[in-house]
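Please look over the sequence and the structure shown here before reading on. The report after them is meant to be read alongside both.

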Amino acid sequence: MTEHSVLDLLGEVCPVPLLRVREAVEHLSPGESVVVETDFPRAVRNISQWCMREGHGCQIDGLASGTWQVTVTRKRIE
Amino acid sequence: MRPRVVLALVLPSAAAAVGWWLYQDRPATALLWGLGLLLGWALSRSRLCIVAAFRDSILFGDTGPAMAVLLALALSLPGFAFVQASIIGQGGPLPGSLSPVGPLTLVGAVLFGIGSVPAGGCAITTLVRIGEGHVRFLFTLVGLLAGALLGAYQYGWWVGLTGALDPVHLPGVLGWPGALVAEGLLLGLLGLLLRWWSRRGMER
């Protein structure tokens, strides 16, 4: 099983989550992932849209009511 | 049964019961209760946020929230015009709040912008988050109410201190069709500007 770094952003409000994710992804090698935990719905949308725009992989899983886990995988071809 | 399922059954039933109880004596209040619930649901599902409209456009090039706000304004234009024109036509006073514009507006906007950063959104977001069960947003609500009360209490003093232009009611100047066309054109121009900004962000 691949080990991912986890970014605990529970309690953080926009725009902090996306700014922190962008910073974390910059330090990843292509193909590596970071797992983000957030309870701010707007952040889930911002992160997924940013991933789509930049070409990074993004998987969203609902953890519990109002909490999401977003796995961002850095794109392989720069 | 899971707590979420229990809440999903109990809360709508309780809301319907309150609505029925209001309907017995005050049908108009029951209607407002229903509209309020619908509005809350729509705001929660749409994530409409005035702060996100500016923040996400400028910081992330995501103009979706700003477009949503423009659309809401465009849809409300004919509604407001109908209500205002109907009441004025019956000899009533102009409904709604017309406030003077001046340096005070700028100061208020900057203060609102500063406050919205730790709050993570506008008043709508704060209310929606409380409704979703985020207790810490109650602190934001307390700040919001305290600021609004203080602002309302000192409003006249601030206007006197900084000076302001008299409020302008566009239909009074341009007539109803002229005002609707002018406001529609302005919103359309802002929409085009946002579209350009979004494309510029995609190309970068």
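This is a predicted model: local features need pLDDT of at least 70, side-chain atom pairs count only at pLDDT 80 or more; totals for chains, interfaces and linings use all residues.

Residues are numbered from 1 along each chain as its sequence is written, chains are lettered from A and ligands numbered from 1 in the order in which they are written, and side-chain values use heavy atoms, with hydrogens and water left out.

**The interface**

With contact taken as heavy atoms within 4.5 Å, chain A brings 17 residues to the interface and chain B brings 22 residues. The size of an interface is often given as the accessible area lost when the parts come together. Here the buried area (accessible area, 1.4 Å probe, that two parts lose on being put together, summed over both) is about 1500 Å² between chain A and chain B, and carbon and sulfur atoms give 56% of that area.

Four salt bridges (a side-chain nitrogen of Lys or Arg within 4 Å of a carboxyl oxygen of Asp or Glu) are found across the interface of chain A and chain B. One of the salt bridges pairs A:Asp39 with B:Arg136, whose closest N and O atoms are 3.8 Å apart. On the side of chain A that touches chain B, helix H1 (16-26) and helix H2 (41-54) of chain A each supply at least two residues, and H2(A) gives the largest share, six residues. Helices (H or I, at least four residues) and strands (E, at least two) are DSSP runs, numbered from the N terminus.

**The hairpin of chain A**

Strand S3 (residues 57-64) and strand S4 (residues 67-73) of chain A run antiparallel and are joined by seven bridges; two strands pair if DSSP finds at least two bridges between them. A:Gly57 has A:Thr73 in S4(A) as its bridge partner. Two residues lie between the strands of this hairpin, in which A:Gly66 takes a positive phi.

**Backbone angles**

Most residues other than glycine have a negative phi, and most peptide bonds are trans.

| Site | Angle |
|---|---|
| A:Gly66 | phi near 80 degrees |
| A:Cys14 and A:Pro15 | omega about 10 degrees, cis peptide bond |
| B:Arg47 | phi near 60 degrees |

A:Pro15 lies in the loop between strand S1 (5-8) and H1 of chain A.
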